[in-house]
Amino acid sequence: MNFRRLFQPKSLPNSLIMAAFIAGTPIAVGTIATLTGLAATPAGAIDVIGFAQKWLVSVDEARALMASGALVLDARNADLRAASPVRNARPIRWRDLSAADGTLSTDYAALSLRLQSLGLSAGQPVIVLADPFQGLGEDARVVWALRTLGHGQAVMVDGGLPALLAAGLPTIQPPLGAGDFVVERQGDWSLGSAEAGHDLVLLTGASAPDLLTGDGHLKPRAVINAWLEGQGIDRDTNLAINGSDGPASLWLAAVLIDLGYPVRNLSGVSDYAVSAAN
């Protein structure tokens, strides 16, 4: 990275933003938007990004993060990327991160090199794009994978790429060469069947479309909380997602984590008797 150019006066806003990202300091996205010239709403009207829990960002937040230099990954399939390319977004596929059996790879050295080749760095936010109408959850399973592999600032966008295009994409900066990210696997969002208690409640991806509005956005939090309460689920429920059901399951997991529910992706589902809420 050219630090001399980064700290020139005209680049000072971005340098301040990046310094805060590297330090792990939550930033008001209204402040980012003001510094980057993308202020669409008052700063006080936009939540502070606390990446530890926040897996889903609004269109305004995504646009501000992009303008400040976030890495953008495109998780759509090749046909969709060819039909509607996003300049400077790096393509990523689940099979780039998975083993032959479809589970997340444990070849961490190879994964580190692969992610570095995409420009992934430890201190840089990552926005993963997909289309909720054509492959719900393709973004979420990449976000889940990156979080599990140790990148704590990976997010998806409410409404996906269609919502961003409707609002107007800012200029996406290309990666400045290879990144420095090294995999350090985290177990916070995974649950082996041997660890599961007998009170486990399992949700599947079949429930995911019920949480979307007609334009592909997430329904209001109060509506989702009420839906979960109707299933007998609260924040003390031992809750897991059957990730083997496909990307929609991991989309549901990401949404519930963002909402503050302690949900994990369950492996070895067939070996464990669970109750289902659908």
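This is a predicted model: local features need pLDDT of at least 70, side-chain atom pairs count only at pLDDT 80 or more; totals for chains, interfaces and linings use all residues.
Student: Which strands make up the open sheet, and in what order?
Tutor: The open sheet has five strands in the order E3-E7-E6-E4-E5, and the pairing is parallel.

Student: And which are the edge strands?
Tutor: Strand E3 (56-57) and E5 are the edges, since each of them pairs on one side only.

Student: How many bridges join E4 to E6?
Tutor: Four bridges join them. E4 covers residues 71-74 and E6 covers residues 126-129, and the two run parallel.

Student: What is the bridge partner of Asp 74 in E6?
Tutor: In E6, Asp 74 has Leu 129 as its bridge partner.

Student: Which residue does Asp 74 form a salt bridge with?
Tutor: Asp 74 forms a salt bridge with Arg 76, and their closest N and O atoms are 2.7 Å apart.

Student: Is Asp 74 buried or exposed?
Tutor: Asp 74 has a relative accessible area of 3%, so it is buried. Arg 76 is buried too, with a relative accessible area of 6%.

Student: How many salt bridges are found in the whole structure?
Tutor: A search of the whole structure finds six. Another of them is between Asp 96 and Arg 114, with the closest N and O atoms 3.1 Å apart. That pair links distant parts of the chain, 18 residues apart: Asp 96 is in the loop between strand E5 (90-91) and H6, while Arg 114 is in helix H6.

Student: Are those two buried or partly exposed?
Tutor: One of each. Asp 96 is buried, with a relative accessible area of 16%. Arg 114 is at 27%, so it counts as partly exposed. The cut-off for buried is under 20%.

Student: New topic. Where does Gln 116 lie?
Tutor: Gln 116 lies in helix H6, which covers residues 108-117. Gln 116 has a relative accessible area of 18%, so it is buried.

Student: What does Gln 116 touch?
Tutor: Leaving out residues up to four places away in sequence, Gln 116 touches Ala 178, Gly 179, Asp 180, Phe 181 and Val 182.

Student: Next, H7. Why is it described as largely enclosed by the rest of the structure?
Tutor: Because ten of the eleven residues of H7 (residues 138-148) are buried. Among them are Val 142, Val 143, Trp 144 and Leu 146.

Student: Is Glu 138 buried or partly exposed?
Tutor: Glu 138 is partly exposed, with a relative accessible area of 21%.

Student: What salt bridge does Glu 138 form with Arg 141?
Tutor: The closest N and O atoms of that salt bridge are 3.0 Å apart. Both residues lie in helix H7, three residues apart, which is about one turn of the helix. Arg 141 counts as buried, at 17% relative accessibility.

Student: Why does a spacing of three residues matter in an α-helix?
Tutor: An α-helix has 3.6 residues a turn, so residues three or four places apart point the same way.

Student: What comes just after H7, at Gly 150?
Tutor: Gly 150 takes a positive phi of about 110° there.

Student: Last one. Where does Ile 233 lie?
Tutor: Ile 233 is in the loop between helix H9 (221-230) and strand E10 (239-241).

Student: Is Ile 233 buried or exposed?
Tutor: At 2% relative accessibility, Ile 233 counts as buried.

Student: How far apart are Ile 233 and Val 201?
Tutor: They are 32 residues apart in sequence, and 8.3 Å apart in space from C-alpha to C-alpha.

Notes:
Residues are numbered from 1 along each chain as its sequence is written. Side-chain values use heavy atoms; hydrogens and water are left out. Buried means under 20% relative accessible area, exposed over 50%, partly exposed in between (1.4 Å probe, protein chains only). Contact means heavy atoms within 4.5 Å. A salt bridge is a side-chain nitrogen of Lys or Arg within 4 Å of a carboxyl oxygen of Asp or Glu. Two strands pair if DSSP finds at least two bridges between them.
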